[in-house]
Amino acid sequence: MKNRNLFILVVATLLFIIFLASTSALILSGIREDSPEISVVIDDSGSGRWTSFISGLEQAAKDKNIKLNIVSTGKNLTLSQQYKIINEEISDGADGIVLQISGSRGTENLISDISSKAVLLLVDTSADTDVDVEGRSACIQADNVELGRALANEVRIAYGNDLSGKAIGIVTGNLRQNALSERLQGFTENIQSSGAEIAWSDYDSVSMTDRLVRRQNETKADIIVALDNNGLEAACEYAQKIEEIPTIFGVGTSIKNVSYLDDGLIKSMVVPNEYYMGYQSVTAVAGRLDNRLTPMQDEKIPFRVVNRDNLFEEGNQRILFPVEH
Amino acid sequence: MRLKKFLKGKFDNLKMQWLISRYMRSGATRSIQATIAVSFTVVALVCMLAMGVALYQRFAVRSEKMLTDSTELTLDQSVITLEDYLRSMRRMSDAIYYNVVKDQDISKETPISQMNLLYEAHKDYLISLALFSEDGRLIAASPVGVQKEGVDVTDQSWFVSALAKPENLHFSLPHVQNIFVDDPTFKYYWVTSLSRNVELNNGGVPEQGVLLVDMNYAVIEDMMEAVNNNPSEQYVYLMDNSGSIIYHPMLMQISAGLFKENNLDAASYDDGSHKEIFEGSERIVTVDTMSYTGWKLVSVIPTSNSYMGMKDIRYFVMMVISITLLAMLILNRFVARRVTRPLVRLNDSIRDIEMGKADPSVYIGGPSEVEHLGRTLRDSYDQINELMRDMVASQEEKRKAELDALQSQINPHFLYNTLDSIVWMIEGEKYNEAVFMITQLASLFRVSLSSGKTIIPIGDEIRHASNYMNIQKVRFKDAFSVEFDIDEAIKSYCTVKLIVQPILENAVYYGVKDMEDGEIVVRGFKGDDGDIYITVSDNGFGMSSSQTELLLTDDTRVRKKGSGVGLINVQRRIQLRFGQQYGLKIESEPDEGTTVTIHLPAIEYNEDNRKMLESGKEKEDEK
């Protein structure tokens, strides 16, 4: 009898607990939680170079119910400036940071510090990090060595694989970033056997067009290869000013470069799918914020090779041309 | 199929019966209260589940119907809006063609001014208007634009389809306009091209041409985004009749391979709602086809989202189930307790009876059945009590009768022998001895009678024994000696009468009768344990241990000598009055002699104790 009473008491208590828990869950679920906040720190955030990337970020933020804040930044931020901005964003309540780091070397402490305070995702380029067994940060970028090789292939194809006697000028982009140094490595490795010679290899983040004029005056290159979007735009701007236009190849994403390609200034352009990069970066940070035990993982984004002939192909249109309202 | 169903039904029935009978069997030892509570709970649960399932089904069907109805309504409205927009574009195309181009000689004047006017009137929806000759040459465009070098419009799909089917107007898929140069702003426009074949008058020579109305795709996108602007997982997309997507809220994700859509299959669906399973999840797809273009507006509702319209339904269900079960548990227990209370009280009464509670009261109350049970039980209990009392009384009477019988066994034997001795003495003229004998006999009988009492003082009993031994000594011509050593203190204690005499009789007949120097010693004293001990020792022939045992156990032996009253009778009488721990103890050695010890409780002789002992009360109390 005693056992039976005890059993009924236990069942009744359990049912009461379930009732209380479900009622409170029902009430609490009515109270909307604040959306997590992700801040995006990229170089020159207003640049048309980021249109596709930002579009991806925004779409993912909408899908994942994330409050997105793209920090307004100028050109050529230093590491310390980025660090300061990030700390301000974190103190303003940012739960996650999407960062295009301005220099990849000596960033261990910075990354370790930020990733201990917020979920950190590097985009566009990797950086030096301490051993991160917990997966507190990750990097989403293109396979830059492969991308450099693809660019070299385009140059080779354009010249029937015979580049002997041809001089190539390389607008390297910011080589302090791993992405650019890897692109350069991929490109030079692949172009070496073609017989072409590297006339010059240079970069100036402030006035590349002027630097190009100077460089071309010193040693004229028949082919200019730009490894980043800004360098490619600078090369095209340079080409518009001169009469004897060099053949331009490069990596680009901005509508300006697409337009140059459409005009025939650029022979061939490699376009990383930055919409995908933006979408996946917010998805990865949101996933980590949702479950802190899930380690973040590095991811490679695809890229396309576009030239004047395939520019308006259906598959390329969505990536290259944003819809303007 | 029917047979299978029938057999399955039969099987289910049998299974249920087996389960119920098993439950009943296993529940045989359960309390009625638990059985009622469990049965009520099971019945209520089954009813609740059945109701729940039925309601859920009904609710699901209704909510699905409501959802599809409202979706179809939304789609209809969207279709109307989109059709209005496309119709206005078609009308504009008609206006340019029939009112401007058809009447104009393009060799003299291009219709640019009229086109500009129409463009200005519709520029919110338009990117450009353009008129091309059959060979792809630009005749007029609004706003004025420069055709890109190297662009051959005759390759473009809108141009090809316009010439291929000259009788129709053709709406293209959204694409980036690739006709005009717009260098300074680096702008590219997403357009949906409306193209048609036109007849041109080139200096009186009829020519074919193509009129192009490039509609701003952003307008369609804005319209569709307005439809999709809701927080649910439901979305609407637009495709042409072959399944090519014109607008999709996740078009970029689809392009990037992050999302998949079942558009190619949906193209074959008829208008209305359809259920499909895509990528492992069930969804309701509603299709509405637009007139003229054949474009299809498709609404997708994942069923996981649609039925209840709220994710919190599981918490709600848990809440309802737990509160219902809790209420059921409490209510059923309460009801079961109320129903079984009379039975429980009756059961308690029975338990009191079982436990031997003095004068237990039997519960009579509750429903008529239980009241009847109670009454029957009480009557039965009373009857049993009556019978018990009768039985005890009859047993007591029987016992008394037995005692009386035992006592009466002594008298005839002894009297016969003694009278025989007295006759013998008188015949031998031993008158003094005869007088002594008669005196002793008279004293013996006085004690023997004791006014009908069975309990007498030990002193009287010893006197009785002494009288008896005096008679026996005369009979046996002083062949043995007798010695009485009785503690005076014990003479005032109670004893059952006539218990020493049979032992002495045995000592005489089986011990010392045939001996030359036979000796019998009777001793009485109070033991260390406070009880009374009377020993009768003789130096006679003694017995073996097996014989000794038989003396107190074998009731069937026929005595050859003496009064015929055995020691077993004495033992039984003592134990009947005083209890099993008292009685006789016989110690004997062959050729050594025998000692019989009478063990009695030390009970002071007075009238109360006597009456008590005679009524057998002491023995009952001891029991």
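This is a predicted model: local features need pLDDT of at least 70, side-chain atom pairs count only at pLDDT 80 or more; totals for chains, interfaces and linings use all residues.
What share of the contacts in chain A between residues at least 6 apart in sequence join residues at least 24 apart? I looked this up first, and the share is 72%. Here two residues are in contact if their C-beta atoms, placed from the backbone, lie within 7 Å.

Residues are numbered from 1 along each chain as its sequence is written, and chains are lettered from A and ligands numbered from 1 in the order in which they are written.

**Chain A overall.** I found 11 helices and 12 strands in chain A. These are DSSP runs, numbered from the N terminus (helices are H or I with at least four residues, strands are E with at least two). Of the 325 residues in chain A, 47% are buried. For burial I count other C-beta atoms within 10 Å of a residue's own, all placed from the backbone: 20 or more is buried, 12 or fewer is exposed, and in between is partly exposed.

**The sheet.** Next I traced an open sheet of 6 strands in chain A, in the order E2-E1-E3-E4-E5-E11, with parallel pairing. Two strands pair if DSSP finds at least two bridges between them. Strands E2 (67-70) and E11 (299-301) of chain A are at the edges with a single partner strand each, so one side of each has no neighbour in the sheet. From one strand to the next, the twist averages 20°. Angles run from 0 to 180 degrees between N-to-C directions, and axes are lines fitted to C-alpha atoms, for helices over the stretch in contact. Strand E1 (residues 37-41) of chain A runs parallel to E2(A), and 4 bridges join them. In that pair, A:Val40 stands opposite A:Ile70. H10(A) packs on this sheet, touching E1, E3, E4, E5 and E11 of chain A, and its direction makes about 165° with that of E4(A).

**H2 and H10.** How far apart are the axes of H2 (residues 51-63) and H10 (residues 274-290) of chain A? They are 6 Å apart, and the helices pack at an angle of about 35°. Among the H2(A) residues that meet H10(A) are A:Phe53, A:Ile54 and A:Leu57, and the H10(A) side includes A:Tyr275, A:Tyr276 and A:Met277.

**Cores.** A nonpolar core is a set of buried Ala, Val, Leu, Ile, Met, Phe, Trp, Tyr and Cys residues joined through C-beta atoms within 7 Å. The largest one has 153 residues, and A:Leu121, A:Leu151, A:Val225 and A:Ala235 touch the most other members. H2 (residues 32-101) of chain B gives the most to this core, with 9 residues. I then checked A:Val225: beyond its neighbours within four places in sequence, its contacts include A:Leu151, A:Ile168 and A:Phe249.

**A spot at the surface.** Is A:Asp210 buried or exposed? A:Asp210 is exposed because 12 other C-beta atoms lie within 10 Å. A:Asp210 sits in helix H7 (residues 208-218) of chain A. Its C-alpha atom is 9.9 Å from that of A:Glu237, 27 residues apart along the chain.

**Chain B against chain A.** The contact takes 30 residues from chain A and 28 residues from chain B. On the chain B side, E4 (175-176), H5 (217-228), H6 (251-255) and H9 (313-354) each supply at least two residues. H9(B) gives the most to that side, with 10 residues.
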